[in-house]
Amino acid sequence: MPARLILLLAAAIAAAACTAPEPRAAGEPAAVDTLTIVERWSKRFDTADSPADFDDARLFRGQVVAAESSTHRVRAFDASTGDERWVQGKKGEGPGEYVGISQLLPFSTDLLAVVDRSVGRITLLRPDGSLDRVIAGERTAGDLTNVCSTQDGSLLAVKPPRFDVVRIDSAPQARTLYRLQWPNPTYNESMLLQQGLFANSHEGTCVIFQPRGDYFFAVDGDSLPPLDRMLRYVTPYPAQRIDRSKRFPTASPAGIAAAWAAVQGDSAFVMRWGDVEADRGLVDVYLLSTGRRVAVFRLPRDVYQFDVHGNTLLTLRLTEEGSVLTVYDR
């Protein structure tokens with residue numbers, strides 16, 4: 001199972017004190033735009049003749065690039081046609097080799113970063129799949145499951161188990177900026193609730209969203225934003241009970257509030273998850289400047305991840321037999 005999915009789906013069951021959800025922010029419009037997306041192409045990798053189980057997939061320079069940790073390969077497809085363009089990578093710790101790929105992300109305007117969390121290393125590829133350089137050493141040591149590229153050319157990472165946000169640049173070691181904290185204090189008592197993930201981004205705008213909880217925010221500078229300025233999901237997360245009887249407090253009923261998120265311009269796209277089956281696959285579009293929800297659209301309910309760049313939307317679905325990549329126009 002992909003590394004970030006394991007982190008996102010870690011279980012916790014308990015019972016104790018209860019915290020009521022806070023009310024939604026005022027000014028939420030009664031109606032929002034319903035967007036239409038149109039399928040451009042879809043490729044199945046869950047058949048006997050073309051099996052693949054991708055851990056991550058991103059839009060990059062007119063291509064769909066997908067990484068498969070089990071085969072240690074990165075594969076690129078034409079975003080317009082779905083035709084395969086190149087395949088790169090093999091098992092190993094040398095240049096262009098991987099042990100455990102966990103994430104892909106654009107780095108600056110022309111490079112793609114391949115995060116290998118198993119060895120604490122980031123490989124930078126050119127658009128044709130050729131090797132540019134490798135970022136390694138003390139600055140990338142530790143868990144690199146979740147990384148975002150900034151406008152100034154540095155990288156930010158959220159590192160468990162304490163969910164510290166660190167900056168990776170030309171310095172010999174990563175610099176810790178702050179620890180994730182949320183306005184609802186209950187969310188800061190349990191590692192399960194405290195977790196934050198970076199939304200997929202292409203323009204150096206790093207947005208941290210809470211997979212279990214109510215909040216998201218755009219990273220601005222090296223400090224945690226004021227808690228009263230964090231943005232809220234339109235669908236409230238259920239009240240949580242915290243069991244403090246063990247070494248690590250656990251939360252119940254837990255569950256997932258936001259399965260995935262992406263950023264495009266001033267908009268954050270957040271895919272819902274939860275106990276209501278009809279909500280699954282709904283993507284709410286929020287303005288980062290105000291937090292207002294301005295649009296909604298639906299993806300297939302088995303979408304695991306998605307990416308947005310310009311008018312193109314990419315989804316990664318996981319079936320029991322393999323993966324499905326689909327590109328949409330929006």
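**Figure 1. Strand β12 gives the most to the lining of the largest cavity, with three residues.** The structure is a predicted model, in which local features need pLDDT of at least 70 and side-chain atom pairs count only at pLDDT 80 or more, while totals for chains, interfaces and linings use all residues. Residues are numbered from 1 along each chain as its sequence is written, and side-chain values use heavy atoms, with hydrogens and water left out. Strands (E, at least two residues) and helices (H or I, at least four) are DSSP runs numbered from the N terminus. A cavity is a set of points, on a 1 Å grid over the protein atoms alone, where a 1.4 Å probe fits but cannot get out; lining residues have an atom within 4 Å of a point. Three cavities of 30 Å³ or more are found in a search of the whole structure, and the largest has a volume of about 60 Å³, a volume being the space filled by probe spheres set on grid points that are joined across faces, edges and corners. Its lining consists of Arg58, Gln103, Leu105, Val147, Cys148, Ser149, Phe198, Ala199, Asn200 and Ser201. Both β8 (101-107) and β12 supply at least two of the lining residues. By class, five lining residues are nonpolar, four polar and one charged; Ala, Val, Leu, Ile, Met, Phe, Trp, Tyr, Cys and Pro count as nonpolar, Asp, Glu, Lys and Arg as charged, and the others, Gly among them, as polar.

**Figure 2. A disulfide links Cys148 and Cys206.** The structure holds one disulfide, defined as a pair of cysteine sulfur atoms within 2.5 Å; here the S to S distance is 2.2 Å. The link is left-handed, with -95° about the S-S bond. Cys148 lies in strand β12 (residues 147-149) and Cys206 in the loop between β16 (197-198) and β17 (207-209), so the bond ties together parts that are 58 residues apart in sequence. Cys148 is buried at 4% relative accessible area, and Cys206 is buried at 3% (buried means under 20%, exposed over 50%, partly exposed in between; 1.4 Å probe, protein chains only).

**Figure 3. A cis peptide bond joins Pro160 and Pro161.** Omega of this bond is about 5°, and Pro161 lies in the loop between β13 (155-159) and β14. Phe163 is found in the loop between β13 and β14; its phi is near 60°, a positive value in a residue other than glycine, and Phe163 is buried at 5% relative accessibility. Asp164 belongs to strand β14 (residues 164-168) and is buried at 15%. Leaving aside neighbours within four places in sequence, Asp164 is in contact (heavy atoms within 4.5 Å) with Ala157, Val158, Lys159, Thr176, Tyr178 and Arg179.

**Figure 4. Ser252 and Pro253 are joined by a cis peptide bond.** Its omega is about 10°. Pro253 lies in the loop between β21 (250-252) and β22 (258-264).

**Figure 5. Arg61 has a positive phi although it is not a glycine.** The angle is about 50°. Arg61 lies in the loop between β4 (56-60) and β5 (63-68) and is partly exposed, at 49% relative accessibility.

**Figure 6. Over residues 1-27 the pLDDT is below 50.** The chain averages a pLDDT (the predictor's confidence in each residue, from 0 to 100) of 89, and 91% of the residues score at least 70. Beyond near neighbours in sequence, residues 1-27 have 74 contacts in the model. Where pLDDT is low, the predicted coordinates should not be read in detail.

Technical notes. On a 1 Å grid over the protein atoms alone, a cavity is a set of points where a 1.4 Å probe fits but cannot get out, and a pocket is an open set with protein on both sides within 12 Å along at least five of seven lines; lining residues have an atom within 4 Å of a point.
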